[in-house]
Amino acid sequence: MFHKIALAIAFSPRMEALICESKRLKDLFNSELLLIHIGEKSQLEEGNLKTILEKHNIDLAKTKVVWETGKPVKKIIEICEKEGVDLLVAGALKNEGFFKYYLGSIARKIIRKSKCSVLTLIEPSFDRNPFQKVVINGTQQEQTPYVIAKGLEWCKLEQTKKVFIVNEIKMYGFQMATAGEGGGDEVSATRKKLVAEEVIYVENILKHLDKGDLKVNIKITCGKWAAELVRFSEDIKADLLIVGDEGNLGIFDRIFSHDLEDILGDLPCNLLIIKKYSV
Amino acid sequence: MEKLSHSEVVNLLLQLASMLILARVFAEIARKLKQPAVVGEILAGILLGPTILGSLFPGMFEFLFNSNQMSNIALDGYVQIAVVLLLFIAGLEVELNIVLSQGKKALSISFFGLVIPFAFGFIAPFFFAEFFGFVEGNRLLFSLFMGTAMAISALPVIVRTLMDLDLFKSKMGMMIVSAAMVDDIIGWMIFSIILSFMGKEANTLGIGYTILLTVGFAVFMITIGKSLINKVLPWINKRLAWPGGLISLSLAACFLAAAFTEFIGIHAIFGAFILGVAIGDSKHMTERAKEIIHQFVNNIFAPVFFVSIGLKVNFFTNFDPLLVFVVIVVAYVGKVIGCGFGALQGGMSKWESFAIGFGMNARGAMEIILGLIALEAGLISEKLFVALVVMALVTSMTSGPLMKWAMNKNKLA
């Protein structure tokens with residue numbers, strides 16, 4: 001599924017856990033691992049990194065480490081493109097302050113601008129446990145069939161215990177209020193129809209996919225899909241949320257925040273953003 | 001504090017009861033005929049007002065609506081609140097994320113769907129102002145109002161039509177909805193600016209200052225205001241009675257915003273509308289709460305407002321067939337050409353573009369609110385108001401069938 005995985009590293013307390021997680025993914029997908037550090041290369045840091053890699057049995061001969069200087073986001077994205085990376089792993093904070101949100105932290109800038117898929121880990125651990133509760137975005141969008149297909153592929157490899165595909169009814173309140181001009185039967189029929197349509201949409205995608213032994217649940221919510229995904233992921237204590245890409249998001253999208261930006265503003269769990277042409 | 005007397009209270013209650021009953025009866029008839037409730041409610045007002053009841057049973061009309069000045073003032077207060085609440089729910093219907101997710105095609109439809117009808121609506125009354133009932137005042141403001149009146153759309157009617165045709169969730173449906181949302185935001189902003197020049201403040205506020213205030217208030221509300229709402233709503237949802245706490249505080253915020261905009265010289269409706277946009281766009285405003293607020297306003301306040309239209313104006317004596325015809329033609333031509341051209345530019349087929357034009361053509365309740373405020377501000381004559389109401393009804397009634405016809409043509413093409 002992924003041939004080359006890159007990890008953006010900073011010498012922070014979470015670096016070792018992020019390396020552990022990347023190693024797990026490298027083994028899972030049988031892919032190459034690339035470590036990217038943007039900053040001055042020092043002997044001390046190089047030594048520290050080597051110690052960590054050895055400690056976790058990472059084959060130094062098969063792991064490329066790139067040291068570059070410059071603007072972190074721009075450089076990381078450039079290196080990923082040059083090296084043909086198809087999954088970039090980065091650590092991120094669960095939520096950020098007002099100014100960081102509008103101006104953008106490095107992790108969020110990477111998510112917004114990266115051309116390859118991005119896995120953002122908010123709580124990387126040394127345990128190397130597979131993701132057990134995965135939520136996939138099933139809202140009606142052009143990229144959704146692709147996202148669901150790739151999401152299930154990932155879950156099959158991980159042998160995920162519970163997979164939820166969450167789809168939402170757009171403008172439910174307004175539609176129901178409009179239907180309210182009709183009689184009680186019409187209101188009830190409209191309510192059923194709205195739910196059924198969203199279930200059918202996901203079922204139609206699923207019937208063409210090999211689900212293996214996965215237990216896939218379809219959940220229908222109403223409201224803004226991103227906010228609903230966040231809420232649902234928090235409610236079930238999901239450990240991975242998989243969504244598609246919405247194109248290059250800028251500051252305008254943060255001011256008039258929508259969809260993906262709502263998730264980035266308050267990450268409910270680890271987040272995988274699948275970019276359509278990268279995998 | 002002055003109080004209503006015993007007889008005035010009785011009179012007020014009789015007014016409200018008769019208006020609500022007749023509105024319900026005619027809304028049900030409209031529903032049977034597959035027409036929007038607003039059509040029935042306006043007809044109920046015409047029946048209850050000077051046009052029919054006042055002509056056939058003047059004594060009864062006098063007793064109900066002209067015998068107690070204080071009751072009428074109280075009723076007017078109720079109607080004023082209804083207008084503010086109608087604009088609040090119109091704002092709640094706007095979902096900025098849907099607008100942003102629809103991209104350039106929707107923007108093209110909304111841009112041309114706003115500019116071309118605005119131009120049609122502006123040019124004709126500017127050069128033939130007397131024909132449109134303009135007597136004295138500012139011809140430019142009058143023409144700007146007519147431009148806005150032609151550019152605005154009625155989202156509830158549009159959504160209903162799309163749901164009936166099973167097109168709501170289609171790409172075209174979402175494009176129409178988001179284009180209508182954009183047009184409404186801009187339309188109400190322009191109208192608020194026009195109104196601010198009609199009031200007492202006209203002499204003290206410059207045009208630049210008024211535009212700055214209006215745009216500034218809107219931007220503030222949907223950025224910082226929305227952030228504050230996003231912080232407060234989860235607390236309200238968690239700590240207070242649901243949905244009681246949410247509904248009462250949302251309405252309180254609506255009245256505060258309306259009072260603020262009225263205070264700074266922009267009309268109260270604009271505050272209510274923009275606050276509705278900010279609250280409606282919040283991820284913490286649940287769809288269930290929106291539905292309850294819609295039902296509350298649509299069934300308790302809206303009927304009284306629409307019936308009151310018929311009470312204020314005699315639709316028979318003020319019916320000018322030629323003026324009505326011209327207003328309807330300008331409305332159809334502007335909106336269908338504007339939205340249709342926008343859709344063509346966005347890559348839609350000829351018949352799809354027509355369907356979008358017909359879909360966006362519904363003016364419904366929004367046109368009537370706009371017209372009434374202009375009438376009360378002395379901007380338009382009663383004859384033009386009647387023409388606008390008839391146009392709003394005709395465009396709303398024909399939007400669905402014409403859209404269906406264009407979609408059938410598209411299938412055959």
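## Briefing: chains A and B and their contact

The contact between the chains draws 25 residues from chain B and 22 residues from chain A. On the chain B side, α13(B) gives the most, with 7 residues. The model is a predicted one. Chain A holds an open sheet of 10 strands, and chain B has a helix, α6(B), with a kink of about 110 degrees.

**The contact, seen from chain B**

- Four helices of chain B, namely α6, α8 (155-164), α10 (207-239) and α13 (287-312), each supply at least two residues of the side that touches chain A.

**Helix α6 of chain B**

- This helix covers residues 96-127 of chain B, 32 residues in total.
- Its end C-alpha atoms are only 37 Å apart. A straight helix at 1.5 Å a residue would reach 46 Å.
- The kink in α6(B) is centred on B:Gly103.

**B:Lys171**

- B:Lys171 belongs to helix α9 (residues 171-196) of chain B.
- B:Lys171 counts as partly exposed because 15 other C-beta atoms lie within 10 Å, while a buried residue needs 20 or more and an exposed one has 12 or fewer.
- B:Lys171 and B:Val84 are 87 residues apart along the chain, and their C-alpha atoms are separated by 32 Å.

**Chain A overall**

- Chain A contains 11 helices and 10 strands.
- Of its 279 residues, 43% are buried.
- Take the contacts in chain A between residues at least 6 apart in sequence: 81% of them join residues at least 24 apart.

**The sheet of chain A**

- The strand order is β3-β2-β1-β4-β5-β10-β9-β6-β7-β8 (chain A), and the pairing is mixed.
- The edges are β3 (63-68) and β8 (216-222) of chain A. Each has a single partner strand, so one side of each lacks a neighbour in the sheet.
- On average, neighbouring strands of this sheet are turned by 20 degrees against each other, direction ignored.
- Helix α6 (residues 144-158) of chain A packs on the sheet. This helix touches β6 (133-137), β7 (162-169), β9 (240-244) and β10 (270-274) of chain A.
- The direction of α6(A) makes about 165 degrees with that of β6(A).

**One strand pair in chain A**

- Strands β1 (residues 4-9) and β4 (residues 87-91) of chain A run parallel and are joined by 3 bridges.
- A:Ala6 has A:Leu88 as its bridge partner in β4(A).
- In general, strands of a sheet pair through backbone hydrogen bonds, either parallel or antiparallel.

How values were computed
Residues numbered from 1 in each chain as written. Chains lettered and ligands numbered in written order. Predicted model: local features only at pLDDT ≥ 70, side-chain atom pairs only at ≥ 80, totals over all residues. Contact = placed C-beta atoms within 7 Å. Expected span 1.5 Å × (residues − 1). Bend = angle between axes of the 7 residues up to and from the residue. Pairing = 2+ DSSP bridges. Axes fitted to C-alpha atoms, helices over the stretch in contact; angles between N-to-C directions.
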